Amino acid sequence: EESFDCHAIGVLVESNTGRDFMAKGGSSTTAGSVMKRMEGAKNEARSASNSPLQSLQGRDRPVVGAPRVLFEKKCEGLWSDVTSAAGMAVFILSFCVLAPILALGWLAVPFAFGAKGMAVCVVLYTASQTIVPKWYSRAYKDGPIHAPIINTLVSYVRDFKVIKEADLDPSHNYVFAWHPHGRMFYGFGALIGLFSSWYPEIIATGHDVRGCVNENLLRIPLLGHWLHLIGLISCNKGTVRKVLSRGDSAGIIVGGIEEVLEGTFDDKDVLFLKERKGFCKLAMEGGSGVVPCYCFGESDLFHHEGEASLRFWRWLNKFSKVGVPFPVRGWMQTPFPKRAPLLIVLGSPLFAAEGESVAEFHARYVDALTEMHKRYVGMSSKPNRRLVIV
């Protein structure tokens, strides 16, 4: 399978080279000969019996002939380390310092300022949620102010590689199902922030992708406004259904908080997926495709929580979806992530067949995700890591 993938990737690169040759004024006869040879190689690759894509049928077949490396970036030295660490500090300040203070700091107000202070705090919070507008701006998300911040997610880790199995048919919209959650959904942030670069065929139609997060994050003053500005929405079904109904796509971390509370490990990724069928149902309602996305290395960015800590947070989340275990411990026990290599695989889309039930479509999705994990785990930094679905 690996030899086929490399050959097919080479065919795609050569095809681009041939077109460039003609564009620069090369001989049409020579260029035609080159293109014929490349077309023959491409057909040979497509007919290879060991192709991992041969089992895909109908609309599940990708538009491109084979997976290809969409993007790859390696560590570039000390200056890159310094600038990326500075950018990462913005995320740490937002999610690990500012968010807890704004979300829970009001609990200390009665003790510090009395009942009057609490009343003022309540009024200010209500105003922030009702009067101060919340809106999404793609111009801001892809613009020069926000782009350097999101690019930090790429440059911070030691190695960052993206493999794209298929260009998507822009006449459809999609549910991008992300795995695993990890401690801080690092890779998912890269997908939403860099979607315009990874899926230009969707952006060219005027449509977009909206990332889905826990609704409590969007209720935090200032931070919630910023998350709205970059296109994040609540992960409740009504909001996602509305996004899909207008032709846009949605990115969903399927495992959610429950997956975080299963823990992360050195030798396995645990996905909370067996009973997670809502994303398949939403896709089926509007005829949307489901694109499996997997981030190898996500579980290596932070220290693993012990079982005692996980039990406490499971108990706490029974009463309120307060989220993941805190504090998050990464590099040298700080909130900064470890600089582990990441491999992101953007899979081929799946569509529900006529008459297929939600359970059947979900089972087919789980099989496709499992096979995708088998195909690419050997290319990751931990090729022996197992996939466990609970």
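A nonpolar core is taken here as a set of buried Ala, Val, Leu, Ile, Met, Phe, Trp, Tyr and Cys residues joined through side-chain atoms within 4.5 Å, where buried means under 20% relative accessible area, exposed over 50%, and partly exposed in between (1.4 Å probe, protein chains only). The model is a predicted one, in which local features need pLDDT of at least 70 and side-chain atom pairs count only at pLDDT 80 or more, while totals for chains, interfaces and linings use all residues. Residues are numbered from 1 along each chain as its sequence is written, and side-chain values use heavy atoms, with hydrogens and water left out.

An overview comes first. The secondary structure of the protein amounts to 16 helices and ten strands; helices (H or I, at least four residues) and strands (E, at least two) are DSSP runs, numbered from the N terminus. Of the 390 residues, 47% count as buried. Contact is defined as heavy atoms within 4.5 Å, and among contacts between residues at least 6 apart in sequence, 79% join residues at least 24 apart.

In soluble globular proteins, nonpolar side chains tend to be buried together. Here the largest nonpolar core has 52 residues, of which Phe160, Phe176, Leu191, Trp198 and Tyr199 touch the most other members. Not counting residues up to four places away in sequence, tryptophan 198 touches Leu70, Phe160, Val162, Lys164, Ala190, Leu191, Ile344 and Leu346. Apart from this core lies another, of 30 residues, and among them are Val243, Phe279, Leu282 and Tyr294.

What about the cysteines? A disulfide is a covalent bond between the sulfur atoms of two cysteines. With the criterion of a pair of cysteine sulfur atoms within 2.5 Å, a search of the whole structure finds zero disulfides. Cysteine 293 has a relative accessible area of 0%, so it counts as buried, and cysteine 295 is likewise buried at 0%.

Eight of its eight residues are buried, so α7 is largely enclosed by the rest of the structure. The buried residues of α7 are Tyr186, Gly187, Phe188, Gly189, Ala190, Leu191, Ile192 and Gly193.

Two packed helices are described by the angle between their axes and the distance between the axes. Axes are lines fitted to C-alpha atoms, for helices over the stretch in contact, and angles run from 0 to 180 degrees between N-to-C directions. Helix α6 (residues 147–156) packs with α7 at an angle of about 130 degrees, and their axes are 9 Å apart. Angles under 35 degrees count as roughly parallel, over 145 as roughly antiparallel, 65 to 115 as roughly perpendicular and the rest as oblique; α6 and α7 are therefore oblique to each other. The crossing of α6 and α7 is left-handed, a term used if the near helix is turned anticlockwise from the far one by less than a right angle, with right-handed used if clockwise. On the α6 side the contact involves Ile150, Thr152, Leu153 and Tyr156, and on the α7 side Tyr186, Gly189, Ala190 and Gly193.

Phe279, Cys280, Lys281 and Met284 of α14 meet Val358, Phe361, His362 and Tyr365 of α16.

Serine 84 belongs to helix α3 (residues 78–104) and, at 1% relative accessibility, counts as buried. Leaving aside neighbours within four places in sequence, serine 84 is in contact with Thr152, Ser155, Tyr156 and Arg339. Serine 84 and isoleucine 149 lie 65 residues apart in sequence and 8.9 Å apart in space, C-alpha to C-alpha.

Finally, the backbone. Most residues other than glycine have a negative phi, and most peptide bonds are trans. The peptide bond from histidine 179 to proline 180 is cis, with omega near -20 degrees, and proline 180 sits in the loop between β3 (174–179) and α7. Phenylalanine 185, found in the loop between β3 and α7, has a positive phi of about 40 degrees although it is not a glycine; its relative accessible area is 19%, so phenylalanine 185 is buried. Leucine 222 has a positive phi near 70 degrees and is exposed at 58%, in the loop between α10 (215–218) and α11 (223–229).
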